Amino acid sequence: MKQLIECVPNFSEGNDMNIIKQITNEIESVEGVSLIDVDPGKATNRTVVTMVGTPDEVCEAAFRAVKKAAELIDMSKHTGAHPRFGATDVCPLVPVANITMEETVEYAHKLAQRIGEEAGVPVYCYEHAARKADRKNLAVCREGEYEAVKERIGTEEWKPDFGPAAFTDEVAKSGVTAVGARNFLIAYNFNLNTTSTRRANAIAFDVRERGRTKREGNPITGKIVKDENGKPVMIPGTLKATKAIGWFIEEFGVAQISMNMTDISVTSIHEAFDEVCAKAQARGIRVTGSELVGVVPLKAMLDAGKHYLRMQGRSTGIADREIIKIAVKSLGLDELYPFDADKKIIEYILENEAKKGQKKLVDMNLTEFVEETASESMAPGGGSISAYMGAMGAALGSMVANLSAHKPGWDERWEEFSDWAEKGKEYHTKLTWLVDEDTNAFNKIMDAVRMPKGSEEEKAARAEAMEEATKFATMVPFQTMELCLGCMDVCKAMAEIGNPNSVTDAGVGALAARSGVIGAFMNVKINAADLTDKAWAEDIIAKGQAIVDKAVAYEKEIVDIVNTKI
């Protein structure tokens, strides 16, 4: 699955749109990166940019933008309301999908090193990417702002992690950049059935991590309790990694709790919503809905939808769009205005960007897919069809599991069937992806075939590319074989324990999956035959034959179970 990271560089220019556009043009010049948002602020003289994409591409776009900002912005002349110490003040990387924080830190360090060495901009690494413990806090790195850089940069304590360690003319112009790795931030507002900002604040203090000031006697007017250092003692709130405050929204005529969630792996959006609802209810107030400001990762929405489905005793092995619909309704995200998943969920934004100018096979309707298969085009071919058969087999297994989870009188077994539906969904999601991947594999071979072959060097490069493309084209149907065999587990379980009214659906699912195995194996063999690495080819064919043998035996076992029940 594709790794995704977000990058949110802050540039010290918020008024000159020509400069801002030149910087964002650098980001948009990198394929595989989507520019999600550009938010200039006049008073702060600062622009916050949000981009998302695959890690290498995002780092390339970030480097180009930082380099361009250093060329265009003169920090010796900069003024603004926001703390700053560089043309690119901060440049954090944020893991979004299928990537760990540890991996994100590695990318941050590589980016920081490149900025320091190639762009000549001093860099401090902060947050999770900090190379020294006292640099974890951005505020400490930026203490004294740009005006303090001249004195600090030459000291041993504040020597940059990368780049120049002297206040040269170039550094005087570019200032310093902080490159970090942090968790995804979500701005999340809760709508209340009250106009009282004070009551909204009270709920905010109940839940936010910092909590409220401890007082003697009356919790509102009593004397503030202080510690031995003379600082107020705080009563912590119930939600870790959150900041919150109450305010009144003129546009909607209601009070809201505005919350910044600094780590959704610690406190999820559904946990925050449920807790705010509980604290509001305790104060005689109701949360009528909520509002997500900006974009959100797909996983956060799926986690929320699954949470509320489980509360209802419903299967979670359903389509992602249906899970998101449950999340939206449960969280009241459509109270103030419609929630458009294609514009709010990062993965969907990127998916829609990628679709521009090309149409995937899986985006066709059934008639279009059949007609495209029957056309003179060589793709989709047997490999794509094998993957699609497997996907349909897995989908039938999930269908029986979902019907069983919802069967009257079987309520106590909903979780058992939900687990099976989830397994089936995982298989049919991956197999659906392989429908287009098989065609992409064929295209890689054709790209290699078209490579020049005039010189000996060109012939060698072409031969190497052909070998690698052919191995890739062999591995794709082999993956199809493995997944099709796996989804037969779901079909067998549903034939044995699922809703007896749907036992034939489980049987048909097994037949489709077995056909996917055998069809994909044909592609494995024909592609492997063209390889020069005969040992590799023989090994994968032997493994493929073992999978076919298992699938054929498994099919007979499942069909026998079905026939005993009809």
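Helix α1 (17–28) gives the most to the lining of the second largest cavity, with three residues. Both α1 and β4 supply at least two residues each of that lining. Its members are F11, E13, I20, I23, T24, T47, V49 and I73. Before I continue, please note that this is a predicted model: local features need pLDDT of at least 70, side-chain atom pairs count only at pLDDT 80 or more, and totals for chains, interfaces and linings use all residues. Residues are numbered from 1 along each chain as its sequence is written, and side-chain values use heavy atoms, with hydrogens and water left out.

Some terms are needed here. On a 1 Å grid over the protein atoms alone, a cavity is a set of points where a 1.4 Å probe fits but cannot get out; a pocket is an open set with protein on both sides within 12 Å along at least five of seven lines; and lining residues have an atom within 4 Å of a point. Points are joined across faces, edges and corners, and a volume is the space filled by probe spheres set on them. Helices (H or I, at least four residues) and strands (E, at least two) are DSSP runs, numbered from the N terminus.

The second largest cavity holds about 30 Å³ of space. Its lining divides into five nonpolar, two polar and one charged residue, where Ala, Val, Leu, Ile, Met, Phe, Trp, Tyr, Cys and Pro count as nonpolar, Asp, Glu, Lys and Arg as charged, and the others, Gly among them, as polar.

How many cavities of 30 Å³ or more are there? The count comes to two. The largest cavity has about 40 Å³ of space and is lined by F85, Y124, C141, E143, E145, A148, V149 and R152. Helix α5 (residues 145–152) provides the largest share of that lining, four residues. By class, the lining has five nonpolar, no polar and three charged residues.

I turn to the second largest pocket, with about 1300 Å³ of space. Of its 37 lining residues, V8, V48, R182, L185 and I186 are the closest to its centre. Elements that each supply at least two lining residues include β4 (46–53), β8 (186–192) and β12. The classes here are 17 nonpolar, nine polar and eleven charged.

Strands β8 and β12 also belong to an open sheet of four strands, in the order β11-β12-β8-β13, with antiparallel pairing; two strands pair if DSSP finds at least two bridges between them. Because β11 (242–249) and β13 (287–293) stand at the edges, each with a single partner strand, one side of each is left without a neighbour in the sheet. Eight bridges join β11 to β12 (residues 254–261), and A244 has M259 as its bridge partner in β12.

Finally, helix packing. Helix α15 (residues 414–449) and helix α16 (residues 456–497) pack at an angle of about 160°, with axes 9 Å apart. Axes are lines fitted to C-alpha atoms, for helices over the stretch in contact, and angles run from 0 to 180 degrees between N-to-C directions. The two helices α15 and α16 are therefore roughly antiparallel (angles under 35 degrees count as roughly parallel, over 145 as roughly antiparallel, 65 to 115 as roughly perpendicular and the rest as oblique). Their contact has 23 nonpolar, five polar and eight charged residues.
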